[in-house]
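I opened this notebook page to keep track of what I looked up, one item at a time.

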Amino acid sequence: MNLRHPVAIARGLGSAKDGTGHWWNQRVTAVALALLTPWFVWFIVQYAGADQAGVHAAIGQPFNASLLLAFVLALFWHAKLGLQVVVEDYIHGWPEIALQLAIKFACALATIVSVIAIGRIVFSA
Amino acid sequence: MAAQERPLSPHLQVYSPQITTVLSILHRATGVALAFGGFGLAAWLASAAGSAEAYETSRQLASAWYGQLVLFAFSFCLMYHLFNGLRHLAWDIGWGFEIPQFYKSGYAVIALAVLSTAGIWFAAMRGAA
């Protein structure tokens, strides 16, 4: 006997109401990062050792700021999804819940810090 | 009914390492490492947007020998995770599922990761000099 409602079966989202969302988001962010990483590496190699004025001038360019913003947003989303799966696989019980919360908060905070930092440099350029 | 403790399989410790398993484990390990690299990037951005002292501190950290060592490790992790990630995306659309292809693409990923990491540091050193 199937206790699932026909509508639920048609929607195909399963008991977690999530379906393939996690898997798909991980792939979408992976493709975004695969496209952005060559640019990021080229950018960071040029400016990693530069003085603060040089870094400000570089990130102050709207083109660079946009790509850097896209990179950090995709990066921390992808990191959150990936770390979540690793913890789901190997850690169970209360430590899992604590770690999952820590991962979400850390990735959210790192995103906010990056966005504010890039924004401050761009808008004061 | 009391749950009986039964041995779980497979026993990773009795498996001899193969390129398939080692690269798979490495993909996870580099992914976890790169998450910390991302936190480092956020800290670097914050210091660049902050005071002159804050940026000077992060620049000194990054240019010290241990900082350079960490950056070198992150750069290899990034290149490996990038190329092996593309390998994963190829599998996702059904490409390269034959065993000989697994081995070929695996060795290709190692070669590309090593070469691109060397290229990055060649460019970085030449820029710094």
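Before anything else I wrote down a cut-off: a residue is buried if 20 or more other C-beta atoms lie within 10 Å of its own, exposed if 12 or fewer, and partly exposed in between. I also noted that the model I am reading is a predicted one.

**Entry on A106(A).** I looked up A106(A) and found its place in helix α5 of chain A, which covers residues 94-123. Is A106(A) buried, exposed or partly exposed? I found 19 other C-beta atoms within 10 Å of A106(A), and therefore I recorded this residue as partly exposed. I then looked up E88(A), 18 residues apart from A106(A) along the chain, and noted that the C-alpha atoms of the two are separated by 17 Å.

**Entry on chain B.** For chain B I listed four helices and zero strands, and the pattern I read along the sequence is α-α-α-α. The radius of gyration of chain B is 20 Å, well over the 14 Å that the globule rule gives for 129 residues, so I noted that the chain is more spread out than a compact globule. Along its principal axes, the C-alpha trace of chain B spans about 65 × 45 × 30 Å. I also looked up burial, and 25% of the 129 residues of chain B count as buried. Taking the contacts in chain B with a separation of 6 or more, I saw that residues 24 or more positions apart account for 68% of them.

**Entry on where the chains touch.** How many residues of chain B are in contact with chain A? I noted 27 residues of chain B, in contact with 27 residues of chain A. On the chain B side, α1 (19-49), α2 (52-63), α3 (65-92) and α4 (99-128) each supply at least two residues, and the largest share, 12 residues, comes from α1(B). Sorted by class, this side of chain B has 20 nonpolar, five polar and two charged residues.

**Entry on the nonpolar core.** The largest nonpolar core has 34 residues, and I wrote down L75(A), L45(B) and A48(B) as those with the most contacts inside it. From chain A, α2 (21-47), α3 (52-60), α4 (62-90) and α5 each supply at least two residues of this core, as do α1, α3 and α4 of chain B. Finally I followed A48(B): leaving aside its neighbours within four places in sequence, A48(B) is in contact with Q52(A), V55(A), A117(A), I121(A) and Y55(B).

Definitions and conventions: Residues numbered from 1 in each chain as written. Chains lettered and ligands numbered in written order. Predicted model: local features only at pLDDT ≥ 70, side-chain atom pairs only at ≥ 80, totals over all residues. Contact = placed C-beta atoms within 7 Å. Nonpolar A, V, L, I, M, F, W, Y, C, P; charged D, E, K, R; others polar. Rg over C-alpha atoms; globule rule 2.2 N^0.38 Å. Core = buried A, V, L, I, M, F, W, Y, C linked by C-beta atoms within 7 Å.
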